[in-house]
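Work through the exercises below with the model open. Each task is followed by a solution in steps.

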Amino acid sequence: MVVHEVTYDLHSAVSEAAAGQPSRYALRLLGGFGLERDGRVVVVPQGARRLLAFLGVRQRCARSEAAGTLWPGSHEDRARANLRTMLWRLHRVTPEPLVEEDDRLALAAVVTSDVAALGAAAAVLLADGSPVGAVPMLATGELLPGWYDDWVLAERERLRQTRLYALEALAERLTTQGRYGEAVQVALTAVHLEPLRESATRALIAVHLAERNINEAVRRFELFRADLGRELGVAPTPWLERLVQAGRSGAVVPYP
């Protein structure tokens, strides 16, 4: 598929508006920064990317929060001036404004963010629904790889935890419903995202035990124990070992 990189001038903007074709923008932050307008790549200046990405994660925030977070080492007046400059640059990127400005800043209604979509999918999974179709969204890349701003590192970890908890909750729900094939796939996704996370491995082992695949449960436990020892020099919790041992005998170990 050929992706066309586009820029806009006043003539094209007026022509599209006259044609009555409202544009939609997709902001991609998972796996790397990207902005598309109706499927075509939009070039965003490097500095302005930081502001757009921040709003793509936070959705809405006070001006002072954006200025202080994006320019933490600057004096308040300088940070606010930098923010005004970035807003001016963003308004020149596309014919439609990407940011709404009032007492707070927010992404314009024409812009969708993959981070917001991930949050919505996770919220549904952590509630009482089980849309397995949301799993691919939860398995997408990490937030803004290669960015090392403090706020990015904090949000990256928050999203990592959110998606893992959602996947584990869904795997447990599917196991309870007897949908073992789907449960295995969901649990494997969690294990792939964080191989050394015991709760992810526990969810996978629980599926195997529920469908009486004892050999698979034991094999997964032994792999996990070996990985933990090699990477961290620690052992699985006694509870996980008791879970596997109980599975061998057909007993049930209550969650601690």
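Two strands pair if DSSP finds at least two bridges between them. Helices (H or I, at least four residues) and strands (E, at least two) are DSSP runs, numbered from the N terminus. This is a predicted model: local features need pLDDT of at least 70, side-chain atom pairs count only at pLDDT 80 or more, and totals for chains, interfaces and linings use all residues. Residues are numbered from 1 along each chain as its sequence is written, and side-chain values use heavy atoms, with hydrogens and water left out.

**Exercise 1. The sheet**

Find the strand order of the open sheet of 3 strands.

Solution. 
- Start with β5. 3 bridges join β5 to β7 (residues 104-107), and the two run antiparallel.
- Cysteine 61 stands opposite leucine 105 in β7. Arginine 60 stands opposite alanine 106 in β7.
- Turn to β6. β6 and β7 also pair in the antiparallel sense, over 3 bridges. Valine 99 has leucine 107 in β7 as its bridge partner.
- A hairpin of 2 residues links β6 to β7.
- Read off the order: β5-β7-β6, with antiparallel pairing. From one strand to the next, the twist averages 20°.

**Exercise 2. Helices on the sheet**

Which strands do α2 and α4 lie across?

Solution. 
- Set the rules. Contact means heavy atoms within 4.5 Å. Axes are lines fitted to C-alpha atoms, for helices over the stretch in contact, and angles run from 0 to 180 degrees between N-to-C directions.
- Take α2 (residues 46-58). This helix lies across β5, β6 and β7, at about 85° to β7.
- Take α4 (residues 76-91). This helix lies across β6 and β7, at about 130° to β6.

**Exercise 3. Two helix pairs**

Classify the packing of α2 with α3 and of α9 with α10.

Solution. 
- Angles under 35 degrees count as roughly parallel, over 145 as roughly antiparallel, 65 to 115 as roughly perpendicular and the rest as oblique.
- First pair: α2 and α3 (residues 63-70) pack at about 120°, with axes 11 Å apart. They are therefore oblique to each other.
- List the contact. Arg50, Leu51, Phe54 and Arg58 in α2 meet Glu65, Ala66, Thr69 and Leu70 in α3.
- List the contact. Among the residues of α9 are Leu204, Ile205 and Leu209, and among those they meet in α10 are Ile214, Phe221 and Phe224.
- Assign handedness. A crossing is left-handed if the near helix is turned anticlockwise from the far one by less than a right angle, and right-handed if clockwise. α2 and α3 cross right-handed. α9 and α10 cross left-handed.

**Exercise 4. Aromatic pairs**

How many aromatic pairs are there?

Solution. 
- Apply the rule. Rings of Phe, Tyr and Trp (its six-membered ring) pair if their centres lie within 6.5 Å; planes under 30 degrees apart count as stacked, over 60 as edge-to-face and the rest as tilted.
- The count comes to 2 aromatic pairs.
- Inspect phenylalanine 33 and tryptophan 147. Their ring centres are 6.3 Å apart and their planes at 15°, so the pair is stacked.
- Phenylalanine 33 lies in the loop between β2 (25-28) and β3 (34-37), and tryptophan 147 in the loop between α6 (135-138) and α7 (150-176), so the pair ties together parts 114 residues apart in sequence.
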